[in-house]
Amino acid sequence: EFGIQRPKGYTVSYHAQPEMEKHHFGQTHPMKPWRLTLTKSLVTAYGMPFAMDNYITREATYEELNAFHSSDYLDYLVSAAPEDQPADDNPDKEVRFNLGGSDCPLFHGLYNYCSMSAGTSLDAARKICSGQSDIAIAWGGGLHHAKKSEASGFCYINDIVLAILQLLRIYPRILYIDIDVHHGDGVEEAFFSTDRVMTVSFHKYQPDYFFPGTGGLDDNGPKSEHNPGAHHSINVPLNDGITDEQYEWLFKTVITAVNEHYRPSAIAMQCGADSLAGDRLGRFNLRVQGHGACVRFCKSLGLPMILFGGGGYTPRNVARAWAYETSIAIGADDRIPETIPEHAPWREHFIHDTLFPTLEQSMNEPRHNRNSEKRLREIVQHINEQLRFVSH
Ligand code: ZLM
Ligand code: ZN
């Protein structure tokens with residue numbers, strides 16, 4: 001199909017669980033697990049499964065989730081029932097664990113959904129650890145806001161933290177990169193006190209107006225002399241309307257410097273697609289090509305890598321970005337036809353038949369770009385100063 005072949009010299013694995021995609025957060029909730037089905041169908045229509053090892057993953061076990069999450073929290077998640085069913089007699093715990101509100105509703109099959117998401121990311125991590133995969137893809141993961149004992153921002157279980165804990169069994173230093181439009185606060189916080197994980201998050205930053213409100217340039221982890229993790233959290237706070245050109249420049253500049261100072265042994269990359277233009281919750285002007293260029297750049301570093309999903313609230317664009325990034329992983333991005341295949345399921349759902357819609361096709365009016373060149377240079381300078389504290 002389209003001359004797409006197995007990459008020579010390295011292996012890509014694709015980890016998914018179709019049952020996960022059947023879950024619903026509620027009728028108008030922005031998070032739609034169905035976007036994963038749309039992604040897989042586009043990947044398949046392009047013939048990409050022939051070029052990868054494809055796994056349907058099992059659910060993560062309670063013990064596996066317990067490697068990061070507290071037992072009280074997990075016990076409640078196991079027993080919690082959606083509002084339209086009885087047994088919802090535990091308002092105290094719902095408040096304590098931030099469950100049952102509009103961001104993190106209790107829905108039917110919630111625990112299964114969580115354990116499947118975590119299962120895909122854990123399987124991806126294990127394939128990287130065993131050396132059976134060089135790049136492992138887990139679009140069902142990437143739920144970067146979940147805390148040890150708290151749900152947050154549509155995330156209940158932090159599959160990324162669980163996957164990185166697996167990688168740490170084998171690899172001395174992990175670089176976590178997050179290109180979701182929201183700050184990767186849960187992953188950052190989980191590794192605040194270790195220098196074996198460096199986190200770098202690119203996101204919209206506007207405290208009090210944009211979720212979660214953390215991730216300023218100066219938020220680099222608790223700076224105590226006794227904390228080896230000090231200086232190992234990097235944040236790239238951005239404003240509305242950033243373009244491909246600016247984002248790619250920042251990304252390559254920052255990641256090149258981080259790679260030289262930190263010398264990671266593996267990469268965990270969250271590819272939230274809500275940083276694309278036209279996203280229901282996003283604010284940026286990124287195109288599928290610009291988002292994908294970040295993945296291509298990380299691949300070029302030649303390290304074992306996991307690609308996680310994350311946010312993404314305009315499903316047709318989520319599917320475009322993650323299908324394109326799958327083609328980058330297998331090295332077929334130079335061959336993939338721009339026109340969405342005739343036989344692709346839900347083809348009319350894409351509105352425009354191209355993999356690469358223009359900004360005008362993605363949104364009625366592109367957002368005003370509020371990122372000055374001067375500010376971007378200041379950000380880079382600040383990060384270069386911070387990196388002087390980091391050397392391996
Ligand atoms: N209200 N329904 C990104 C997580 C973003 C917190 C303000 C809820 C929404 C949003 C939910 C159907 C990732 C906040 C928002 C309205 C308190 C957020 C349910 C619309 C709806 O229509 C909606 C009734 C809902 C939620 C919008 N929530 C937009 N932004 C953020 C969380 C997650 O992409 O980073 C990774 C997967 N929450 O701003 C409020 C403060 C709840
Ligand atoms: Zn997001």
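## About the model

This is a predicted model, in which local features need pLDDT of at least 70 and side-chain atom pairs count only at pLDDT 80 or more, while totals for chains, interfaces and linings use all residues. Residues are numbered from 1 along each chain as its sequence is written, chains are lettered from A and ligands numbered from 1 in the order in which they are written, and side-chain values use heavy atoms, with hydrogens and water left out.

## The zinc site

Let us start with the zinc ion (ligand 2). Its protein donors are Asp180 (OD), His182 (ND1) and Asp274 (OD), at 1.9 to 2.0 Å. Donors here are N, O and S atoms within 2.8 Å of the metal (3.2 Å for Na, K and Ca); water is not among the atoms, so sites may look incomplete. Along the sequence, the donor residues follow the spacing D-x1-H-x91-D.

Helices (H or I, at least four residues) and strands (E, at least two) are DSSP runs, numbered from the N terminus. His182 is buried at 8% relative accessible area, and Asp274 is buried at 0%. Buried means under 20% relative accessible area, exposed over 50%, and partly exposed in between (1.4 Å probe, protein chains only).

## Helix 1 and its surroundings

Nine of the eleven residues of helix 1 are buried, so this helix is largely enclosed by the rest of the structure. Among them are Leu36, Leu38, Leu42 and Val43. The buried residues pack against strand 1 (12–16) and helix 10, where contact means heavy atoms within 4.5 Å.

Most residues other than glycine have a negative phi, and most peptide bonds are trans. Where does this chain depart from that pattern? Asn98 has a positive phi of about 55°; it lies in the loop between helix 4 (91–96) and helix 5 (110–129) and is partly exposed at 34% relative accessibility.

The loop between strand 5 (197–204) and strand 6 (233–238) holds Pro212, and the peptide bond from Phe211 to Pro212 is cis, with omega near -10°. His231 is found in the loop between strand 5 and strand 6. His231 has a positive phi near 70° and is buried, with a relative accessible area of 16%.
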